[in-house]
Amino acid sequence: INAIGPATLASLDATRLGALAASQIAGLTATNFSALTETQVAGLSATQIQGVSAANIRSLSATDFGELTATQLVALTAGQVGALTSTNLFGLSSTQFATLAATQIAGLTASQLSALEPTQFEAFTATQIAALPGAQIAALSTTLIGSLTTTQVAAFAATQIPKLTVTQVRQLSTTLVAAMSPAQVNAFTALQIQNLPA
């Protein structure tokens with residue numbers, strides 16, 4: 001498929017592009033993949049999206065990545081999600097973030113999570129919050145911790161609470177602490193308790 005060249009690929013209509021197998025999409029060179037228009041990328045099926053190489057996923061601009069539909073986003077594999085750059089992630093709206101599966105959220109690296117905007121993080125659902133592994137929780141910036149909603153805080157599992165660093169605990173407002181269940185409060189370590197807001 002690479003033999004037809006970038007100009008021809010960019011001219012393919014939805015029917016021809018939709019006929020490409022995931023294996024053909026996976027084989028596209030960076031030059032040919034980058035030739036696809038925003039409309040063409042947004043028109044790829046879920047199966048085709050899963051065929052896009054991690055390198056080509058990373059090459060998408062914030063605008064291009066932001067054009068992906070909810071169906072395409074939830075189709076992204078763990079490997080693709082883990083390959084996303086901060087530029088890719090900046091292209092996602094709060095609504096798009098909320099569509100990601102819990103397994104995809106769990107696959108985000110610490111550096112990816114720390115690069116999120118507060119408005120994006122605030123869009124995380126209770127299910128997504130509960131899916132965050134301990135290492136990712138400990139890597140959340142104080143800005144993101146401060147942007148947590150009461151619903152999100154209430155979604156933390158008791159096993160996640162001890163993963164919060166002392167610096168993060170200091171960012172919890174009295175409102176957020178009041179939204180915690182007895183089980184969550186009892187999950188705090190002695191050092192965390194000592195650093196809760198007065």
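Select F124, which is buried, with a relative accessible area of 3%.

Before moving on, know what you're looking at. This is a predicted model, where local features need pLDDT of at least 70, side-chain atom pairs count only at pLDDT 80 or more, and totals for chains, interfaces and linings use all residues. Residues are numbered from 1 along each chain as its sequence is written, and side-chain values use heavy atoms, leaving out hydrogens and water.

**Stop one: the rings**

How many aromatic pairs does a search of the whole structure find? Two. Rings of Phe, Tyr and Trp (its six-membered ring) pair if their centres lie within 6.5 Å; planes under 30 degrees apart are stacked, over 60 edge-to-face, and the rest tilted. F97 and F124 make a tilted pair, 5.8 Å centre to centre with 35° between the planes. F97 sits in helix α12 (residues 94-99) and F124 in the loop between α15 (118-121) and α16 (126-130), so this pair ties together parts that are 27 residues apart in sequence. (Helices are DSSP runs of H or I, at least four residues, strands are runs of E, at least two, and both are numbered from the N terminus.) The rings of F121 and F124 are tilted as well, with centres 5.1 Å apart and planes at 55°. Ring pairs link F97, F121 and F124 into a cluster.

**Stop two: Q152**

Now pick Q152 in helix α19 (residues 150-155). Is Q152 buried or exposed? Buried, at 2% relative accessibility. Setting aside residues up to four places away in sequence, Q152 touches F121, E122, A123, F124, I129 and S147, where contact means heavy atoms within 4.5 Å. Also show T149: its backbone nitrogen lies 3.0 Å from a polar atom of the Q152 side chain.

**Stop three: the cavity**

Last, select F65, L73, L76, V81, L84, L89, L92 and L100, which line the largest cavity. On a 1 Å grid over the protein atoms alone, a cavity is a set of points where a 1.4 Å probe fits but cannot get out, and lining residues have an atom within 4 Å of a point. About 30 Å³ of space lies inside the largest cavity.

Methods
1 Å grid on protein atoms, 1.4 Å probe; cavity = no way out; pocket = protein on both sides within 12 Å on 5 of 7 lines; lining within 4 Å. Points joined across faces, edges and corners; volume = space filled by probe spheres on them. Buried < 20%, exposed > 50% of the residue type's maximum accessible area, 1.4 Å probe, protein only. Polar contact = N/O pair within 3.5 Å; in protein donor to acceptor, adjacent residues only side chain to side chain.
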